[in-house]
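Subject: Structure for you to look at

Hi,

Here is the structure I promised to pass on.

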Amino acid sequence: MSHRPATAPIPSAADAVIESQQQVWSGRFPLEVVKFRNRRFDGTLSETRTWELWRRGHAAALVPYDPVADAVVLIEQFRLPALAAGLDPVLVELPAGLCEPGEDPDETIRREMLEEMNLAADHVEPIGGYLLTSGGSDEFCHLYAGRVIAPPADADGIAGLGGAIAEHEDIRIRVWPAARAIEAAFAGRFTNIITAIGLFWLAAKRDTLRQTWSTL
């Protein structure tokens, strides 16, 4: 993943006035301090408010589902923010990544799938879009579902390691029976929100996908 370019001005809106926008950190992802006023529900403008805004931009993720094997292919990797939150830092996740400048989200997820799990989806359809941390970041994730052929796995479901070497990624690939992954999501075992949303969607659509995707 390359460094993000300089951030764009915050778009104008009828019910918001951006008074200033200052980038105070330019590391892997920019951090800005924004002063703004917004229209309150009583019709008046608020006082000037100061907010820290982490600029991560658009991202894409995909639920890799094999309708013949009735299995999903998920990844596991270490996440420092999870450790900081007091959670198990090895998260179960969907393949995902940030969109490069000018890259469509569906192109992003196809690239990320190859980098993270050396897997391709021959049919992709959108699920929805989700703002991940509305209190502090502009990161917006485009979520898809894709038809894949699950790779061979051992008795524990482990199908090997993946990740982009240039980005020092350390990823473990695991094949889950769809019913077991969905059960784990509903039991709250997956703390990555996009993984949970994707599996909740799969729970609602699974029977339909097994019929329609098997005949595409």
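Below is what turned up in it, starting with the whole chain and then going into a few spots.

A word on the ground rules. This is a predicted model, in which local features need pLDDT of at least 70, side-chain atom pairs count only at pLDDT 80 or more, and totals for chains, interfaces and linings use all residues. Residues are numbered from 1 along each chain as its sequence is written, and side-chain values use heavy atoms, with hydrogens and water left out.

**The whole chain**

The protein has four helices and 11 strands; these are DSSP runs numbered from the N terminus, with helices (H or I) of at least four residues and strands (E) of at least two. Its C-alpha atoms fill a box of roughly 60 × 40 × 35 Å along the principal axes. Of the 216 residues, 41% count as buried. Buried means under 20% relative accessible area, exposed means over 50%, and partly exposed is in between (1.4 Å probe, protein chains only). A contact means heavy atoms within 4.5 Å. Of the contacts with a separation of 6 or more, 53% are between residues 24 or more positions apart.

UniProt, in an unreviewed entry, lists residues 55–203 as "domain: Nudix hydrolase". Its positions are given in the numbering used here, feature names are shortened, and annotations may be inferred rather than shown by experiment. Over residues 55–203 the chain is 26% helix and 36% strand, and the end C-alpha atoms are 32 Å apart.

**The listed binding site**

Which residues does UniProt list for "binding site"? The unreviewed entry gives Ala96, Glu112, Glu116 and Glu169. They span 74 residues in sequence, yet no two of their C-alpha atoms are more than 12.5 Å apart, so they gather at one spot. Ala96, Glu112, Glu116 and Glu169 are also included in the lining of the largest pocket. Here a 1 Å grid is laid over the protein atoms alone: a pocket is an open set of points with protein on both sides within 12 Å along at least five of seven lines, a cavity is a set where a 1.4 Å probe fits but cannot get out, and lining residues have an atom within 4 Å of a point.

Ala96 is in strand E7 (residues 96–98) and, at 29% relative accessibility, counts as partly exposed. Leaving aside neighbours within four places in sequence, Ala96 is in contact with Ala60, Ala61, Ile109, Glu112 and Glu116. Glu169 is in the loop between strand E10 (158–162) and strand E11 (171–177), and is partly exposed at 23%. With the neighbours within four places left aside again, Glu169 is in contact with Glu116, Gly162, Gly163 and Ala164. The side chain of Glu169 also reaches the backbone nitrogen of Ala164 at 2.7 Å.

**Helix H3**

In helix H3 (residues 178–186), the buried residues are Ala178, Ala181, Ile182, Ala184 and Ala185. Seen down the axis, they fall within an arc of 160°, so they line one face of the helix; the arc is that of the directions from the helix axis to the C-beta atoms. They pack against strand E4 (58–66), strand E5 (71–78), E11 and helix H4 (193–212). On the other side of H3, Glu183 and Phe186 are exposed. After H3 comes Gly188, with a positive phi near 80°.

**Aromatic pairs**

How many aromatic pairs does a search of the whole structure find? There are five. Rings of Phe, Tyr and Trp (its six-membered ring) pair if their centres lie within 6.5 Å; planes under 30 degrees apart count as stacked, over 60 as edge-to-face and the rest as tilted.

Take Trp176 and Phe190: the centres are 5.3 Å apart and the planes are at 85°, so the pair is edge-to-face. Trp176 is in strand E11 and Phe190 in the loop between H3 and H4, 14 residues apart. Both Trp176 and Phe190 are buried. Phe186 and Phe200 form a tilted pair, 4.7 Å centre to centre with 40° between the planes. Phe186 is exposed at 56%, while Phe200 is partly exposed at 34%.

Cheers

Notes. A polar contact is a pair of N or O atoms within 3.5 Å; within protein, one must be able to donate a hydrogen and the other to accept it, and residues adjacent in sequence count only if both atoms are side-chain atoms.
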